[in-house]
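Let me put the sequence and the model up, and then I'll walk through a few spots.

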Amino acid sequence: MSERPDDGSQDQEQEQLTVTPPKTWATGAPAVMHALEYSLAQTSPLRTGQTLLTMNQVDGIDCPGCAWADPAPGHRHRNEYCENGAKHINDEATTRRITRGFFREHSVSDLAGRSDKWLNDQGRLTEPMVKRPGSDFYEPISWHDAFGLLAGELTSLDSPDEAVFYTSGRASNEAAFVLQLFARALGTNNLPDCSNLCHESSGYALHETLGTGKGTVSLEDMHHADLIFVVGQNPGSNHPRQLSALEQAKRNGARIVAVNPLPEAGLLRFKNPQTARGLIGHGTAIADRFLHIRVGGDLALFQGLNRLLLEAEDARPGTVLDHHFIDTNTEGFADFARHVRSVDWDDIFTATGLTREEIEEVRDDVLRSERVIVCWAMGITQHKHAVPTIREFVNFLLLRGNLGRAGAGACPVRGHSNVQGDRTMGIWEQMPDSFLDALRDEFGFDPPRAHGMDSVKAIRAMREGRVRFFLSLAGNFVRAAPDSTVTEEAVRACRMTAHISTKLNRTHTVCGDTALILPTLGRTERDVQSGGEQFVTVENSMSEVHTSRGRLQPASPLLLSEVAILCRLARRTLAGKGPDIPWPTFESDYGEIRDRISRIVPGLHDFNRRVVRPGGIRLPNAVNEGVFHTPAGKARFTSNTYEMPHVPAGHLLLQTLRSHDQWNTVPYTDNDRYRGIHGSRRVVLVSPADLTALGLADGDHVDLVGVWTDGTERRADDFTIVAYPTKAGTAAAYYPETNVLVPLDSVADHSNQPTSKSVVVRLEPALRPAPTPVPG
C-alpha cells in the first residue's frame with residue numbers, strides 16, 4: 001500500500017539553493033553579526049539591548065531557546081547568550097503585530113498554504129480570535145466570550161477524558177502547575193507534552209535504572225570531568241552555550257569524544273565570541289576523537305565498549321571496574337556481564353560502521369579517566385531501541401562508578417527551556433501516586449488515578465473520535481508530531497481546539513469545528529497583575545530552578561499571561577462544581593501558586609524565599625546522595641538486545657534534524673550555514689559513496705519514500721540531493737518537512753516516542769516539481 005499525504009511542500013516559498021563547503025568551526029564573529037542582524041530586523045536597537053543585556057542574568061529574562069544551565073552568579077558574562085538565543089528572544093520581542101485586519105485578509109485556507117517561516121514572520125498575536133463552525137476566517141472575540149465558549153464545551157463533554165491539554169516546554173512552572181491542577185480538578189490525566197515527542201526515552205530509561213528521570217550532573221561537573229561523550233547531539237546549533245562548558249572542560253584537561261553520523265562544526269572547533277581567542281584567533285578544538293557512526297548504532301558501540309572493559313578487567317583484575325560501587329550500589333551485574341560478553345563483534349561493526357581499532361582507542365580513553373560524563377539528546381531518544389541504548393549508557397557509567405560523584409554522570413540534554421520543569425510541576429499523563437496524594441492533601445480533592453494519554457495516544461484518540469477538545473499551552477503541535485497528515489486530520493476531528501500562543505504557527509491553521517487563538521504575554525514582557533508585578537520560574541536541564549522576569553511593555557493591552565488565561569478558564573469551567581481552589585488569588589499573585597507548590601514538590605520547600613536568591617534552587621537528586629529509588633533500592637544493570645533496522649538494498653537510513661537557523665519547528669531563515677546549505681530546506685544530505693552506488697548525483701531532485709515493516713510507504717516530494725560527509729548508508733533531512741515520513745504507530749519500545757531518527761527511505765526521481773509557492 002502506498003500513501004501520498006500532504007507533506008507541507010506547498011508551504012515553501014521560492015527556493016534558491018546554493019551550497020558551500022560545510023564549516024569546520026562554529027560561532028566567532030559571524031555568529032555575533034548574524035544574531036544582531038536578525039534581532040535588529042525584528043525590533044529596535046533599544047529593545048534589542050533591553051533583551052540581550054538582561055538575558056540569562058540574575059533577575060533577568062530566562063532564554064526560552066534551550067534548557068542549558070547558567071554559570072553560577074558572579075561567573076556569568078555580560079553577554080550570557082548564544083546566537084540562536086539572541087534570535088529567539090528578539091523573535092518574541094519583535095515590533096511586528098498581527099491585528100484583526102490581518103485575519104480579515106487571510107482565510108484559514110490561505111494561511112494553511114503559507115510556510116512555517118512566513119507565519120512566524122508576521123509578528124505577535126494581539127487579541128483573542130475565534131473561527132466558528134463553517135467559517136474559513138478567524139474573527140475577534142472578547143476574553144469573556146472566549147472563556148464562555150471554552151467552558152461551555154468542556155462542561156458539555158460526556159467525560160473529562162474527552163479533553164486533552166498539551167504543554168510545550170515554553171510554559172513557566174507556575175503556568176504548568178495551574179494547568180495540571182485544572183485538568184485533574186476537571187477529572188482527567190490527559191496531559192501530554194513535548195517530552196513525549198522528544199525526550200521520553202531518557203526519562204523512561206533513567207527511571208528504570210536509576211530511579212530518577214533526570215540527569216545527574218551539574219555545570220561544575222562538566223567543567224571537571226576527565227572524559228565527556230557527546231552522543232547523538234549537535235550543541236553548536238541546538239544548545240550553543242554547551243560549547244562554552246566543553247571549552248572550559250578542555251582547558252581543565254578533559255578529552256571529548258563526539259559520536260555522530262555527521263561531522264558537526266561546533267564539535268570540531270569553537271570560537272568563543274566572548275574571548276579574543278575566539279574572535280580573532282583559532283578558537284578551541286573540541287572533539288579529541290570523532291566517531292563517525294551509523295545512524296542508530298550507539299547501543300552497539302556502548303555494548304562494544306562495555307565488553308572491552310570487562311575483558312580489560314579479566315586481564316588486570318581489580319584495576320578496571322569499581323567493584324565496591326558495583327557490589328554496594330547495583331544489582332544485575334552478573335546477567336549483564338554474561339549478555340554483553342555474548343554480543344557478536346561482527347554485529348557491532350555492522351551496526352556502528354566503526355572498526356575494532358576505533359572502539360579500542362575509546363576504551364583506552366576511558367581507562368585513563370577517573371571522571372566520565374555521557375551527554376545525549378534527540379539523536380538518541382528518537383529510535384525504536386532508544387530506551388535500551390540509554391540503559392546501556394547507564395551500564396557503561398556503572399561499571400567504573402561514574403555516578404553519584406563529582407565530575408561524572410548522566411547528562412540528557414533537554415531542548416526546550418522548561419520541559420524538565422513541566423514534569424516537576426505535574427505535566428505528565430502518569431504522575432506517581434505520591435504526587436497525586438500530595439495534590440489531594442493540599443487541595444481537598446482526589447485526583448484521577450488512571451493514566452491519561454501521551455501525545456501519540458492523544459492523536460490516535462482524536463482520530464478515532466474519543467477526544468473532542470484539544471488545548472495547547474504554547475508549542476506547534478501539528479508540526480512537532482509525526483505523521484503530518486494523520487495528525488492534522490485528527491486535530492480537525494475535534495469539536496474545539498484552542499491555542500495559548502505568542503505568535504502564529506501551522507497549528508493555528510489546523511482547526512476543530514470551533515477554534516480559538518488565545519494570545520499571551522511572552523517571557524520578555526512585564527507581567528503586572530492586581531497583586532503587583534509578577535515573575536515566573538523555570539527549571540533547566542541540570543535541575544536548577546530560577547526566576548525569569550520580563551522587561552518590555554506587552555505587545556498589546558489585550559494580552560493575558562499564561563497563568564491568567566488558565567486561572568480564568570478554570571474558574572469559569574469549574575464554577576460551583578469543582579474543588580474549592582482559589583483561582584483568582586493564583587492569578588493575582590503567583591507567589592500563592594509557589595506556596596502551594598512548595599508543599600507538594602520535594603525539594604521546593606520555602607520556594608518563594610529560596611528561588612529569588614542568586615542562582616535559585618538546585619533540586620536534590622537522590623543518585624548523587626547514593627540513593628536509588630528503584631524497587632530494590634539499587635541501580636540496575638540491564639541486558640539489552642539490539643535489533644538493527646532492516647535496510648534493503650538500494651535504501652538508506654534517514655535521520656531528521658534541525659537546521660542551524662531553526663528553533664524547534666520554526667525556521668528563522670532557509671539557511672543552515674554551518675552545513676553550507678543556503679536558500680532551501682528541501683534538501684537531503686547523502687554521502688558521495690552512496691550517490692555513486694545509487695546512480696544519483698549531487699543536485700538531482702528526488703522524492704523521499706519512507707518504507708515501513710507493515711508494507712506502507714510515505715512520500716515527501718521533491719528534495720534536492722546535496723553530497724555531504726554523512727556516514728555511508730545513512731542520510732539526513734530537515735524536520736518538520738520530513739515528519740510526513742514517520743507513521744504515528746512507529747514508536748520507541750517502552751517510551752512510545754516517535755522514531756524520527758531512523759527512517760528507511762529510498763530516493764526516487766521526483767514525480768512532480770514542488771507546487772508553485774504562495775507569494776509571501
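So, to start: which residues in α28 are buried? They are E562, V563, A564, I565, L566, C567, L569, A570, T573 and L574, where buried means under 20% relative accessible area, exposed over 50% and partly exposed in between, with a 1.4 Å probe and protein chains only. That's ten of the 13 residues, so α28 is largely enclosed by the rest of the structure.

Quick housekeeping. This is a predicted model, with local features needing pLDDT of at least 70, side-chain atom pairs counting only at pLDDT 80 or more, and totals for chains, interfaces and linings using all residues. Numbering runs from 1 along each chain as its sequence is written, and side-chain values use heavy atoms, with hydrogens and water left out.

Helices (H or I, at least four residues) and strands (E, at least two) are DSSP runs, numbered from the N terminus. Just after α28, G576 has a positive phi of about 80°.

Now the sheet. Six strands make an open, mixed sheet, ordered β7-β6-β19-β18-β17-β8; pairing takes at least two DSSP bridges between two strands. At the edges sit β7 (139-140) and β8 (163-167), each pairing on one side only. β8 runs parallel to β17 (residues 469-473), joined by five bridges, and V164 is opposite F470 there.

Last one: H199, in the loop between α9 (195-198) and α10 (200-210). At 7% relative accessibility, H199 counts as buried. Setting aside neighbours within four places in sequence, H199 has contacts (heavy atoms within 4.5 Å) that include M378, R414 and Q753.
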